[in-house]
Amino acid sequence: MQHLDGNALAGALAEFLSFDVTTAIARCNGCGATDEFARAIVFTSPAGTVVRCPSCDHVLATLVESGDRAWLGFSGVSAIEVRRG
Ligand SMILES: [Zn+2]
């Protein structure tokens with residue numbers, strides 16, 4: 001099977017990464033629950049932001065910002081559902 005490099009993702013990911021996160025639905029790696037990000041439990045501190053599952057408290061996502069750089073992790077999410085249109 002022929003493969004492409006990561007540049008082939010540019011169009012699809014550009015559309016996907018511009019979604020409204022509050023309406024996106026995340027599946028928790030910890031308990032399998034699916035829920036809108038808007039219902040997640042969010043903790044903020046000067047060190048960064050931690051997003052936790054409202055059902056089991058598992059960490060869904062983290063955000064760390066420093067100067068002109070940011071690191072966004074979705075290590076606790078197995079899938080994100082985005083509604084188009
Ligand atoms: Zn959970």
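Guide: Gladly! Let us begin with a definition: strands are DSSP runs of at least two residues, numbered from the N terminus. Please keep in mind that this is a predicted model.

Visitor: Which element gives the largest share of the lining of the largest cavity?

Guide: Rolling a probe the size of a water molecule over the atoms shows where empty space is left. Here the count is 1 cavity of 30 Å³ or more, and the largest cavity holds about 70 Å³ of space. Two elements give two or more residues to its lining, β1 (25-28) and β2 (34-36). The largest share, 3 residues, belongs to β2.

Visitor: How do the lining residues of the largest cavity divide into nonpolar, polar and charged?

Guide: They are 8 nonpolar, 2 polar and 2 charged. Among them are C28, D35, E36, F37 and C53.

Visitor: Now the metal. Which residues are the protein donors of the zinc ion?

Guide: The SG atoms of C28, C31, C53 and C56 lie 2.3 to 2.4 Å from the zinc ion, and these residues follow the spacing C-x2-C-x21-C-x2-C.

Visitor: What geometry does the site of the zinc ion have?

Guide: Ideal angles for four tetrahedral donors are 109.5 degrees. In this site the angles among the 4 donor atoms run from 103 to 114°, and the site is tetrahedral.

Visitor: Is C53 buried or exposed?

Guide: Buried means under 20% relative accessible area, so C53, at 4%, is buried. By contrast, C31 is partly exposed at 40%, and C56 is partly exposed at 34%.

Visitor: And how many disulfides does the structure hold?

Guide: A disulfide is a covalent bond between the sulfur atoms of two cysteines. This structure holds 0 disulfides.

Definitions and conventions: Residues are numbered from 1 along each chain as its sequence is written. This is a predicted model: local features need pLDDT of at least 70, side-chain atom pairs count only at pLDDT 80 or more; totals for chains, interfaces and linings use all residues. Side-chain values use heavy atoms; hydrogens and water are left out. A disulfide is a pair of cysteine sulfur atoms within 2.5 Å. Buried means under 20% relative accessible area, exposed over 50%, partly exposed in between (1.4 Å probe, protein chains only). Donors are N, O and S atoms within 2.8 Å of the metal (3.2 Å for Na, K and Ca); water is not among the atoms, so sites may look incomplete. Four donors count as tetrahedral if all angles lie between 85 and 135 degrees; four count as square planar and six as octahedral if opposite donors are over 155 degrees apart and all others between 65 and 115; anything else is irregular. On a 1 Å grid over the protein atoms alone, a cavity is a set of points where a 1.4 Å probe fits but cannot get out, and a pocket is an open set with protein on both sides within 12 Å along at least five of seven lines; lining residues have an atom within 4 Å of a point. Grid points are joined across faces, edges and corners, and a volume is the space filled by probe spheres set on the points. Helices (H or I, at least four residues) and strands (E, at least two) are DSSP runs, numbered from the N terminus. Ala, Val, Leu, Ile, Met, Phe, Trp, Tyr, Cys and Pro count as nonpolar, Asp, Glu, Lys and Arg as charged, and the others, Gly among them, as polar.
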